[in-house]
Amino acid sequence: MGRCTNIRRGLTMAETIVSTLLVGMVLVGTIQLVGPVVRSGTVMSDKLVATNLARELSEEVSIKYFTSPKSGDLEFIGDETESRDLYDDIDDYNGLSNSPPQLSDKSVMTNLAGWRRTVKVEHVELSNPTNATGSYTGLKRVTVTVQKDGTTLATDVTLHAHAADQLGSVIQEP
């Protein structure tokens with residue numbers, strides 16, 4: 001007597017739905033992991049660009065005189081109206097702000113729309129350079145800030161001493 005056997009082949013509708021849901025959840029989880037990784041790569045790239053922009057301008061400032069060789073005014077810190085390629089001392093950079101960032105010859109750096117570099121120069125206390133003073137101390141703090149779309153990504157702070165002019169560590173004009 002023959003037996004009748006039911007051999008099931010294929011998937012039922014319930015099994016198809018369950019497997020589709022499982023694959024969907026795995027994909028959503030993967031996308032949630034990959035998205036932040038891609039965004040963090042962009043943020044790190046922007047921070048690297050910002051750091052380099054800040055350092056480039058800080059290095060430009062560092063080769064200038066502490067005080068203007070023209071006037072010798074030790075107290076004055078203000079923004080100059082002259083062209084940046086004519087800046088001869090640190091004070092000239094106070095208030096500098098350009099967007100997009102520019103080189104000293106006023107040529108615009110390409111692909112940096114939305115970026116801004118600003119400079120602030122202050123007299124500071126010799127004993128505590130974090131405290132700004134309103135008068136000459138022989139020490140100035142230069143703060144270069146770089147922003148992208150209004151968000152600060154890098155700040156470079158350097159100290160400059162009046163003694164550097166006397167020691168000849170500044171590139172002298174002919």
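# Chatting through a predicted fold

Author: Read along the sequence, this protein chain runs α-β-β-β-β-β-α, where helices (H or I, at least four residues) and strands (E, at least two) are DSSP runs numbered from the N terminus. This is a predicted model, in which local features need pLDDT of at least 70 and side-chain atom pairs count only at pLDDT 80 or more, while totals for chains, interfaces and linings use all residues. Residues are numbered from 1 along each chain as its sequence is written, and side-chain values use heavy atoms, leaving out hydrogens and water.

Reader: Thanks! How many helices and strands are there in the protein chain?

Author: There are two helices and five strands.

Reader: Which strand does Glu122 lie in?

Author: Glu122 is in strand β2, residues 115-124.

Reader: And does Glu122 count as buried or exposed?

Author: Glu122 counts as buried because its relative accessibility is 16%. Buried means under 20% relative accessible area, exposed over 50%, and partly exposed in between, using a 1.4 Å probe and protein chains only.

Reader: What joins the side chains of Glu122 and Arg141?

Author: A polar contact of 2.6 Å. That term means a pair of N or O atoms within 3.5 Å; within protein, one must be able to donate a hydrogen and the other to accept it, and residues adjacent in sequence count only if both atoms are side-chain atoms.

Reader: How many residues of β4 are buried?

Author: Eight of the ten residues in β4 (residues 139-148) are buried, so the strand is mostly covered. β4 also pairs with β5 (residues 151-161), again antiparallel, over ten bridges, and Lys140 stands opposite His160 in β5.

Reader: What sits in the loop between β4 and β5?

Author: Asp149 is found there. The hairpin has two residues between its strands, and Asp149 has a phi near 50°, a positive value in a residue other than glycine. Asp149 is exposed because its relative accessible area is 60%.

Reader: New topic: which peptide bond is cis?

Author: The bond from Ser99 to Pro100 is cis, with omega near -5°. Pro100 is placed in the loop between β1 (97-98) and β2.

Reader: Where is Asn111?

Author: Asn111 is in the loop between β1 and β2. Its phi is near 60°, positive in a residue other than glycine, and Asn111 counts as exposed because its relative accessibility is 77%.

Notes
Pairing = 2+ DSSP bridges.
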